[in-house]
Amino acid sequence: MATRKNSTDDPLAPLTLAVGQEELLLDRAVREVVAAARAADADTDVRDLASEQLQPGTLAELTSPSLFSERKVLVVRNAQDLSADSVKEVKAYLAAPYEEIILVLLHAGGVKGKGLLDAARKAGAREIACPKMTKAADRLSFVRGEFRTLGRSATPEACQNLVDAIGSDLRELASAAAQLCADVEGTIDEAVVARYYTGRAEASSFTVADRAVEGRAAEALEALRWSLSTGVAPVLITSALAQAVRAIGKLASAPRGARPGDLARDLGMPPWKIDRVRQQMRGWSADAVSDALRAVAAADAGVKGGGDDPEYALEKAVVAVARAARPQRR
């Protein structure tokens, strides 16, 4: 979730810098500033600009003194894409900001536009990190944080099931958490999530992978067909299969008797996943992991244009993985 990068935590600070590529977190950073400004002055004027709208001279025009000394919030999105002349004007403004104006710069981070990023930090910007959440563990932490923010208790299993069901879209995860809090009283557990989102869970690429590595071929194929019918991209399914098989290979080669916390750190997995993979790896061998990875690689090539029928390629991979998980059933 969005995190503060310095001790300045006043949304009415003259400059807020939101850095990252997670659109939901960037939008929340903007909403927080606007809400605080309008709470202080209901007549606050808000100007939300794309980088191409901030042409040379635009900033000077928007920050010119008003006869009524009205408060303004100026939001500049994709600040890393500003022209050199506009960057020069913004830097000049940062050296002497106006008291009644709050400037919010949304910057993707990285090398592009780094000069402006450095200048904003040097000017003492209130900084909010809005990183893209590419890891399942980050999305799980996000969901837990959503429930905490909403003042509700949710079990670890419920949080995990919600991530499995919804996927990687933070807006959908946030909306689902809010909906559950609005509709359900008391602690939110896995039964509640299953009742609301069982269809979504069945369509998850991770559900296909879990059933396959557990050797449950029929259930994996059923989940696969449901996933494809509901619009899950085939490449997400091959990715989930590869992750699941690799996780088994990693854990199988880990030292025996190691504690889950140590394994989680060494293997780059959250502790809950260590427990799940331990249950899934029964029946697997080193050769089976190699066979399964080759099958998944072939399917990945098939769904990316190397074959005529992506669905058939996925079905073959699912069956191959399930057979590798239960060699005695071949």
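## Close-up views of a predicted model

**View 1. Asp 210 and its partners from elsewhere in the chain.** Once neighbours within four places in sequence are set aside, Asp 210 is in contact with Arg 276 and Gln 280. This is a predicted model, and the residue in focus belongs to helix α9, which covers residues 205–213. Asp 210 has a relative accessible area of 12%, so it counts as buried.

View 2. The buried set is Ser 205, Thr 207, Val 208, Ala 209, Asp 210, Arg 211, Ala 212 and Val 213. Just after α9 comes Gly 215, with a positive phi of about 80°.

**View 3. Val 277 in helix α13.** Val 277 sits in α13, a helix made of residues 271–280. What does Val 277 touch, leaving aside its neighbours within four places in sequence? The contacts are Ala 247, Ile 248 and Leu 251. For Ile 248, the C-alpha to C-alpha distance from Val 277 is 6.1 Å, although the two are 29 residues apart in sequence.

View 4. Is Ser 239 buried or partly exposed? Its relative accessibility is 33%, so it counts as partly exposed. Asp 300 is 61 residues from Ser 239 along the chain, yet their C-alpha atoms are separated by 7.9 Å.

**View 5. Where α5 packs on α7.** Helix α5 (residues 136–149) and helix α7 (residues 170–183) pack at about 35°, and their axes are 10 Å apart. The crossing of α5 past α7 is right-handed. From α5 come Arg 139, Phe 142, Val 143, Glu 146 and Phe 147; they meet Leu 170, Leu 173, Ala 174, Ala 177, Leu 180 and Cys 181 of α7. Sorted by type, the residues of this contact are nine nonpolar, two charged and no polar.

**View 6. The largest nonpolar core, and another one apart from it.** The largest nonpolar core holds 39 residues, and Phe 142, Phe 147, Leu 162 and Ile 188 have the most contacts inside it. Elements giving two or more residues to this core include β4 (72–76), β5 (101–107), α6 (156–166) and α8 (190–202), along with α5 and α7. The top contributor is α1, with eight residues. Another core, of 36 residues, lies apart from this one; among its members are Ala 244, Leu 251, Val 303 and Val 318.

**View 7. Glu 127 paired with Arg 121.** Glu 127 is part of strand β6, residues 126–130. This charged residue has a relative accessibility of 8%, so it counts as buried. The side chain of Glu 127 makes a polar contact of 2.9 Å with the side chain of Arg 121.

**View 8. The whole chain, for orientation.** How many helices and strands does the protein chain have? There are 15 helices and six strands. Of the 330 residues in the chain, 43% are buried. Taking contacts between residues at least 6 apart in sequence, 76% join residues at least 24 apart.

Note on methods:
Residues are numbered from 1 along each chain as its sequence is written. This is a predicted model: local features need pLDDT of at least 70, side-chain atom pairs count only at pLDDT 80 or more; totals for chains, interfaces and linings use all residues. Side-chain values use heavy atoms; hydrogens and water are left out. Helices (H or I, at least four residues) and strands (E, at least two) are DSSP runs, numbered from the N terminus. Buried means under 20% relative accessible area, exposed over 50%, partly exposed in between (1.4 Å probe, protein chains only). A polar contact is a pair of N or O atoms within 3.5 Å; within protein, one must be able to donate a hydrogen and the other to accept it, and residues adjacent in sequence count only if both atoms are side-chain atoms. Axes are lines fitted to C-alpha atoms, for helices over the stretch in contact, and angles run from 0 to 180 degrees between N-to-C directions. A crossing is left-handed if the near helix is turned anticlockwise from the far one by less than a right angle, and right-handed if clockwise. Contact means heavy atoms within 4.5 Å. A nonpolar core is a set of buried Ala, Val, Leu, Ile, Met, Phe, Trp, Tyr and Cys residues joined through side-chain atoms within 4.5 Å.
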